[in-house]
Amino acid sequence: MSTIKRYSIYEKSRMPKEGWLQQCFQCGEYTSKLLLFSTAITPRKTKIQEYWVHICGNCEYNISNHILKFIKFNKKCNHYINTKINN
Ligand SMILES: [Zn+2]
């Protein structure tokens with residue numbers, strides 16, 4: 001049996017860490033919207049890691065419609081995961 005661990009990606013703010021309202025990772029607007037960015041399974045397959053990113057409706061629309069914005073956003077999220085979460 002695998003357990004699921006959820007991680008949040010968001011712009012640092014003064015909001016409480018576990019609060020549902022966080023700043024959009026792209027523009028800094030407060031939002032409750034979350035997008036499942038990626039999932040990973042640990043080497044022993046005991047844990048599934050889910051990376052959820054806080055993103056406002058506007059930015060979600062932008063990254064869904066502009067490939068370059070999407071690539072940039074992707075890089076930013078991966079960088080966050082590598083440096084702030086899996087470190
Ligand atoms: Zn935004």
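Trainee: How many bridges join β4 to strand β5, and what makes them a pair?

Mentor: DSSP must find at least two bridges between two strands for them to pair. β4 and β5 (residues 47–54) are joined by 7 bridges, so they pair, and they run antiparallel. This is a predicted model, where local features need pLDDT of at least 70 and side-chain atom pairs count only at pLDDT 80 or more, while totals for chains, interfaces and linings use all residues. Residues are numbered from 1 along each chain as its sequence is written.

Trainee: Why are β1 and β4 said to stand at the edges?

Mentor: The open sheet of 3 strands has the order β1-β5-β4, with mixed pairing. β1 (3–9) and β4 (34–41) each have a single partner strand, so one side of each lacks a neighbour in the sheet. Strands here are DSSP runs of E, at least two residues, and helices are runs of H or I, at least four, both numbered from the N terminus.

Trainee: What makes helix α2 a packing partner of the sheet?

Mentor: Contact means C-beta atoms, placed from the backbone, within 7 Å. Helix α2 (residues 67–85) touches β1, β4 and β5.

Trainee: How many helices and strands does the protein chain have, and why is it called as compact as a globular protein of that length?

Mentor: The protein chain has 2 helices and 5 strands.

Key:
Contact = placed C-beta atoms within 7 Å. Axes fitted to C-alpha atoms, helices over the stretch in contact; angles between N-to-C directions.
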